[in-house]
Amino acid sequence: PADTFHNLQELHHSASLATKVFIQRDYSDSTICKFQTKFPAELDSRIERSLFEETVKTLNCYYGEAEKIGGQSYLEGCLACATAYIIFLCMETRYEKILKKISMYIQEQNEKIYAPRGLLLTDPIERGMRVVSFANTWDVFLSVGTTLKELCTIYKL
Amino acid sequence: MKNHEYQQIDPQALVTPTPTPPPRPLPEHKPRRARRRWEVFPGKNRFCCDGRMIAARQSGVLPLTLGLILLTSGLFFIFDCPFLVKHLTSCIPAIGGVLFVFVIISLLQTSFTDPGILPRATPEEAADIEKQIDNPTGSSSSYRPPPRTKEVVINQQVVKLKYCFTCKIFRPPRTSHCSLCDNCVERFDHHCPWVGNCVGKRNYRFFYTFIISLSFLTAFIFGCVTTHLTLRSQGGNGLVFALQASPASALELVVCFFSVWSILGLSGFHTYLVATNLTTNEDIKGSWSGKSGNEDVGNPYSYNSIIKNCCSVLCGPMPPSLIDRRGFVPSDDSVQTSPVEIELPAAKNDINMCTQGTKGLLETASRSPLLTSSCPQAKPQAVLEPLPEIVPEPPKTPHKHHSHHRSKAKQSAHHTPKTSNSSPRPYHSHSSRRKDSKNRDPKFSSLR
């Protein structure tokens with residue numbers, strides 16, 4: 001019903017204020033987009049290390065594929081140059097196609113793995129490709145619960 | 001087409017970074033119309049076509065550049081081409097036309113493309129980074145160095161990443177903060193006033209195409225005009241007669257003669273940069289030339305193969321714009337108008353997909369039995385109390401300490417043989433249209 005939806009909107013907004021864990025970029029391979037696979041301590045009790053590593057490694061794979069300089073990217077680049085880069089206005093680049101795949105993957109991971117554990121994975125593109133962030137959605141419920149409890153004590157219910 | 005649209009924009013409406021009230025009068029009790037992200041963008045940029053195009057706030061001498069190119073080419077097509085077509089071949093206007101189109105298109109694309117601006121950190125990210133900096137286990141040395149830096153190893157070489165106080169992020173490698181545009185730009189090359197924009201990762205190939213095609217165009221026009229005047233002055237008529245017969249050619253000759261050297265020089269310089277995978281910024285600072293006497297220093301980003309370097313810089317994949325210009329600012333009251341706090345969601349059209357996706361998954365999450373059973377006090381259907389506003393006050397950091405790695409006057413000295421004496425006034429010398437663009441700007445670009 002509408003009530004639930006409105007509450008969920010609040011939840012989404014509140015999730016953005018909840019505590020977050022940020023996975024930073026790994027620059028050891030030059031400037032290509034890659035995230036650190038080191039398991040953060042804050043997630044220790046929330047998710048299995050192997051699942052986390054698999055998610056980050058798959059993301060790194062996707063980004064590596066998008067930024068790979070090889071046959072197809074040369075073709076795209078040369079064709080673009082020959083047409084004075086006008087085709088960038090008409091056509092979706094390979095990078096953009098892979099970014100769409102990445103958002104579908106993240107959505108799927110959130111549905112299957114992270115939401116049941118009370119975490120929300122955000123797409124790095126929303127953060128300027130700087131971080132992968134895990135938001136703790138359970139904080140919301142905990143703070144709501146604490147507030148209700150306080151109200152109960154105030155009104156001596 | 002783009003030129004026409006650019007001129008239609010009212011500069012007053014776009015210059016202010018704070019959101020301006022909409023032009024049509026709205027009664028006060030009505031909610032404000034949804035604003036697009038570009039209207040609250042914190043950097044000093046100018047947006048056209050409702051956020052579809054981006055340029056620096058100061059357009060620099062872009063009108064002059066465009067004007068000169070249009071004027072010279074126009075005069076060429078009107079006055080020189082008819083004579084040359086009659087006496088030589090009709091390929092001349094065809095070649096000239098192709099070059100002219102390339103020049104104009106690549107110039108407009110360089111000017112109006114996002115150079116690779118990095119969006120500023122959200123408050124949570126900034127807080128997370130601050131925590132890491134203050135935590136002594138994070139730093140490698142026993143004392144905290146005054147400018148915040150982080151070291152990474154790239155291709156067996158140590159690279160220092162600096163913290164940007166304005167954008168509140170550790171800058172990725174090769175990223176630099178442009179003080180003219182007040183943005184961090186990836187693979188920052190330089191801020192070019194002739195083009196009216198920064199040159200960075202996303203528009204470097206357009207810039208390179210522009211200067212190469214401009215070199216060809218200038219050389220071509222110069223050659224054709226010389227041929228024209230030579231042909232006219234044959235038969236005992238003399239050069240003066242030729243100039244009198246075609247005065248426009250004299251103007252073209254002067255403009256082309258004085259600009260061809262600097263443009264050719266610039267093209268040569270940038271070809272060298274492309275072949276060695278360097279940026280103007282790094283070259284001027286001497287980051288990899290072993291200035292400290294360390295022989296092991298080399299460019300860690302170079303593939304050590306000219307062809308591979310060229311291909312990766314010019315033909316590599318086109319990264320997307322990381323700033324969302326046309327998305328809407330969420331209109332809830334808790335999101336204040338202070339630009340630092342507004343989160344930038346997914347680029348372009350993906351925002352709707354992402355929001356719906358997240359709403360959908362939260363619905364799924366709320367229906368999951370695990371969630372409801374573990375939190376008996378808080379049922380999702382219960383009325384949620386408005387949560388306490390956790391909106392951290394962005395600290396107004398006035399310090400922009402970028403001068404520690406800039407404005408080394410001696411480092412620009414080695415460029416003077418290539419280009420003429422750098423003069424701060426762009427209108428001053430007609431002798432080189434582009435000489436200052438690479439000398440001056442990296443020096444001044446972060447002087448804050």
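1. A helix here is a DSSP run of H or I covering at least four residues, and helices are numbered from the N terminus. By that rule F257(B) belongs to helix α8 of chain B, which covers residues 247-276. The model discussed in this note is predicted. The points below begin with the two chains and then turn to particular residues.

2. Chain A. The chain has 157 residues, and 52% of them are buried. Its secondary structure consists of six helices and three strands. Following the sequence, these elements come in the order α-β-α-α-α-α-β-β-α. Take the contacts between residues at least 6 apart in sequence: in chain A, 54% of them link residues at least 24 apart. The accessible surface of chain A is about 7,600 Å², and 60% of it comes from carbon and sulfur atoms.

3. Chain B. This chain has 448 residues, with 51% of them buried. The secondary structure includes 13 helices and ten strands. Among contacts between residues at least 6 apart in sequence, 70% in chain B join residues at least 24 apart. Chain B exposes about 21,400 Å², of which carbon and sulfur atoms account for 61%.

4. A salt bridge between the chains. Over all chains, the structure holds nine salt bridges. One of them pairs R130(A) with E125(B), whose closest N and O atoms are 3.0 Å apart. R130(A) sits in the loop between β2 (119-122) and β3 (131-136) of chain A, while E125(B) is part of helix α5 (residues 123-134) of chain B, so this pair joins two chains. Are these two residues buried or exposed? Both R130(A) and E125(B) are buried.

5. Salt bridges within chain B. The side chains of E151(B) and K160(B) form a salt bridge, with 3.9 Å from N to O. E151(B) has a relative accessibility of 47% and therefore counts as partly exposed. Another salt bridge links E186(B) and K201(B), and here the closest N and O atoms are 3.6 Å apart. E186(B) is in the loop between β8 (183-185) and β9 (190-192), and K201(B) is in the loop between β10 (197-199) and α6 of chain B, so the bridge ties together parts that are 15 residues apart in sequence.

6. Serine 106 of chain B. S106(B) is part of helix α4 (residues 91-112) of chain B. A residue counts as buried when its relative accessible area is under 20%; S106(B) has 2%, so it is buried. A polar atom of the S106(B) side chain lies 3.3 Å from the backbone oxygen of V103(B). Which residues does S106(B) touch, if those up to four places away in sequence are not counted? They are F206(B), T209(B), F210(B) and S213(B).

7. Helix α6 of chain B. This helix covers residues 204-233, which is 30 residues. Just after α6(B) comes G235(B), which has a positive phi of about 80°.

8. A nonpolar patch. Three residues, F257(B), W261(B) and L264(B), make up a nonpolar patch on the surface. Their accessible area together is about 310 Å². F257(B), from helix α8, has a relative accessibility of 36% and so counts as partly exposed.

9. Asparagine 277 of chain B. Where does N277(B) lie? It is in the loop between α8 and α9 (280-285) of chain B. With 4% relative accessibility, N277(B) is buried. Apart from neighbours within four places in sequence, its contacts include R174(B), R187(B), E282(B), N299(B) and Y301(B). Also among them are S302(B), Y303(B), N309(B), S312(B) and V313(B). N277(B) and C311(B) are 34 residues apart in sequence, and their C-alpha atoms are 10.0 Å apart in space.

Note on methods: Residues numbered from 1 in each chain as written. Chains lettered and ligands numbered in written order. Heavy atoms only, no water. Buried < 20%, exposed > 50% of the residue type's maximum accessible area, 1.4 Å probe, protein only. Polar contact = N/O pair within 3.5 Å; in protein donor to acceptor, adjacent residues only side chain to side chain. Contact = heavy atoms within 4.5 Å. Expected span 1.5 Å × (residues − 1). Patch = residues over 30% accessible without salt bridge, like charges linked within 9 Å, V, L, I, M, F, W, Y side chains within 5 Å. Areas by Shrake-Rupley, 256 points an atom, 1.4 Å probe, with all protein chains shown as cover. Salt bridge = Lys/Arg side-chain N within 4 Å of Asp/Glu carboxyl O.
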